[in-house]
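Student: Could you go through this model with me, starting with a loop residue and then moving on to the domains?

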Amino acid sequence: MKAMLIKRITSLSEDKDPLIFEDVPLPFPAEDEILIKVSACGVCHTEIDEIEGRAKPSILPIIPGHQVIGSVVEKGKSVEKFKTGDVVGVGWIYSSCGKCEFCLSGLENLCPDFKATGLDANGGYAEFMKINYKFATAIPEELKNDVVSIAPLLCAGAIGYRSLSLTGVSNESKLGLSGFGGSAHLVLKMAKYKFPGVKIYVFARGENERNFSLELGVDGAGNFNETPPEKLDAIIDTTPVWRPVVETLKYLKPGGRLIINAIRKEEIDKETLLELDYSEDLWKEKEIKSVANVTRNDIEKCLQLCAEAKIKPETQVFSLQEANKALGELKEGKIRGSKVLII
Ligand SMILES: [Zn+2]
Ligand SMILES: [Zn+2]
């Protein structure tokens, strides 16, 4: 089968074609695994972290991609659910142990043995992939026919859903979104549906992103250093760097919470953290909390919510061979909605 592979750790600014297009053997499903014929796979900033080594793949070469939609074409003999032809999705969670204190308390995302799709096992930048059937999600009937729109829901959507839950916002809250890429625009739609009274302010460095957010109905948009008209209960930061965190903490109300939705932060502006002013930015019980991975429940809940609210991400499609181009544009911040590979 054809696949795009990460073969070595490199830098996207020097190496414009870090993924290698190759023929690789077709995966063979074990007893408890299904083989999926991939129809579409979303492109995520995490792939850049993998290629550049901030989130180092545990095996090389590896096929990246963790927002996978496809249909079941083969299954092992102990697979209890799914039949051939079923449309399934695979997100960031490839497996967890199922036995530890985290797995047993609904926090499988924090399992010490958490394995990530496309990082610890081959993912969806390929014609086929395999996974334990327990970690594949059935796609709701209403969504099945639009594989391009579902793909970004499996990571950007699911982790956005998790971030939104962690903010604790309600109908009267004021929510800030710092950065306005794939995950943030889905959070915006989910938040507006779940909490119609919530007010949302977007902080983004690019004018295009700000205008895009205004088109989608946010209550205000500005650069990171532009003070919003009112103090915020929570902020979700989806940027890859530190400056936005330091700039926006002062916009939080006392007791407010900033959620960092990023698997890794880049090192380039780390010294910005020294500008943190304790009394203004952190005192009065302000919190900073990260969001790590996703659970199967986050993926299912996100898909249900999006089906119910008819939420569709804005997408931009590429072919499998164009994956490097899609990643390059993502790295340069050329973002308008989510990038999806059609396989
Ligand atoms: Zn992702
Ligand atoms: Zn576990």
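Tutor: Keeping in mind that this is a predicted model, lysine 310 is exposed, because 10 other C-beta atoms lie within 10 Å and the cut-off for an exposed residue is 12 or fewer. Lysine 310 sits in the loop between α9 (296-308) and β16 (315-319).

Student: What is phi of lysine 310 near?

Tutor: Phi of lysine 310 is near 50 degrees, which is a positive value in a residue other than glycine. Most residues other than glycine have a negative phi.

Student: And glutamate 285, buried or exposed?

Tutor: Glutamate 285 is exposed, because 11 other C-beta atoms are found within 10 Å. Glutamate 285 belongs to the loop between α8 (278-282) and β15 (287-290), and its phi, near 60 degrees, is a positive value in a residue other than glycine.

Student: Switching to peptide bonds, which residues does a cis peptide bond join?

Tutor: The cis peptide bond joins leucine 60 and proline 61, with omega at about -5 degrees, and proline 61 is located in the loop between α1 (45-51) and β4 (68-75).

Student: OK, domains now: how is the chain divided?

Tutor: The chain is divided into domain 1, covering 2-138 + 313-342, and domain 2, covering 158-290. To the contact between them, domain 1 gives 13 residues and domain 2 gives 12 residues, while the C-alpha centres of the two domains are 27 Å apart.

Student: What makes up the domain 1 side?

Tutor: By class, the side of domain 1 that touches domain 2 has 6 polar, 4 charged and 3 nonpolar residues, and the largest share of that side, 3 residues, comes from α1.

Conventions. Residues numbered from 1 in each chain as written. Chains lettered and ligands numbered in written order. Predicted model: local features only at pLDDT ≥ 70, side-chain atom pairs only at ≥ 80, totals over all residues. Helix = DSSP H or I, 4+ residues; strand = E, 2+ residues; numbered from the N terminus. Buried ≥ 20, exposed ≤ 12 C-beta atoms within 10 Å, placed from the backbone. Domains from an automatic or database assignment. Contact = placed C-beta atoms within 7 Å. Nonpolar A, V, L, I, M, F, W, Y, C, P; charged D, E, K, R; others polar.
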